[in-house]
Amino acid sequence: MSKAKQKGTAAETAVVNWLQSKGRKHVERRSLNGVNDRGDIAGIPCVVIEVKNHKQMKLSEWLQELAVEMENDKAETGVVIHKKTGTTDVGKWYATMPVSVWFDLIKEAGY
């Protein structure tokens with residue numbers, strides 16, 4: 001396994017473990033699906049989670065990837081979780097989504 005693949009797998013596993021520690025017991029890493037990719041983490045209905053572990057942020061590229069994965073999954077919402085350099089605490093990592101996705105979330109929450 002390549003070093004980049006190992007970093008990605010470690011980050012995905014860290015996110016799964018963190019979500020499970022927060023009560024989301026059914027989350028798990030997804031297997032690769034090529035062009036039909038539906039994100040990295042499964043187990044939260046209608047939500048696509050894409051995990052990134054890169055030193056350089058490529059938000060535009062990652063959000064385009066998220067949009068494709070949300071379409072593939074027919075998901076209502078999605079997020080890119082990307083590792084913050086220097087910490088393994090997933091709670092301190094970043095969560096990025098398009099403003100339209102964020103707005104749908106707060107609208108659904110009643111705000």
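View 1. The lining (residues with an atom within 4 Å of a point) has 22 residues, of which Gly-8, Glu-12, Asp-40, Val-51 and Lys-52 are the closest to the pocket centre. Helix H1 (3-21), strand S3 (47-52) and H2 each give two or more residues to the lining. H1 provides the largest share, six residues. Helices (H or I, at least four residues) and strands (E, at least two) are DSSP runs numbered from the N terminus.

**View 2. Thr-77 and its contacts.** Thr-77 belongs to strand S4 (residues 77-82). Thr-77 counts as buried because its relative accessibility is 13% (buried is under 20%, exposed over 50%, partly exposed in between; 1.4 Å probe, protein chains only). Leaving out residues up to four places away in sequence, Thr-77 touches Cys-46, Val-47, Val-48, Met-70, Val-101 and Leu-105 (heavy atoms within 4.5 Å).

**View 3. A nonpolar surface patch.** Met-57, Leu-59 and Tyr-94 form this patch, with about 270 Å² of accessible area together (Shrake-Rupley method, 1.4 Å probe). Patch residues have over 30% relative accessible area and no salt bridge, with nonpolar side chains joined within 5 Å; a salt bridge is a side-chain nitrogen of Lys or Arg within 4 Å of a carboxyl oxygen of Asp or Glu. Leu-59 is found in helix H2 (residues 59-73) and is partly exposed, with a relative accessible area of 35%.

**Notes.** Residues are numbered from 1 along each chain as its sequence is written, and side-chain values use heavy atoms, without hydrogens and water. In this predicted model, local features need pLDDT of at least 70 and side-chain atom pairs count only at pLDDT 80 or more, while totals for chains, interfaces and linings use all residues.

Note on methods
Patch = residues over 30% accessible without salt bridge, like charges linked within 9 Å, V, L, I, M, F, W, Y side chains within 5 Å. 1 Å grid on protein atoms, 1.4 Å probe; cavity = no way out; pocket = protein on both sides within 12 Å on 5 of 7 lines; lining within 4 Å.
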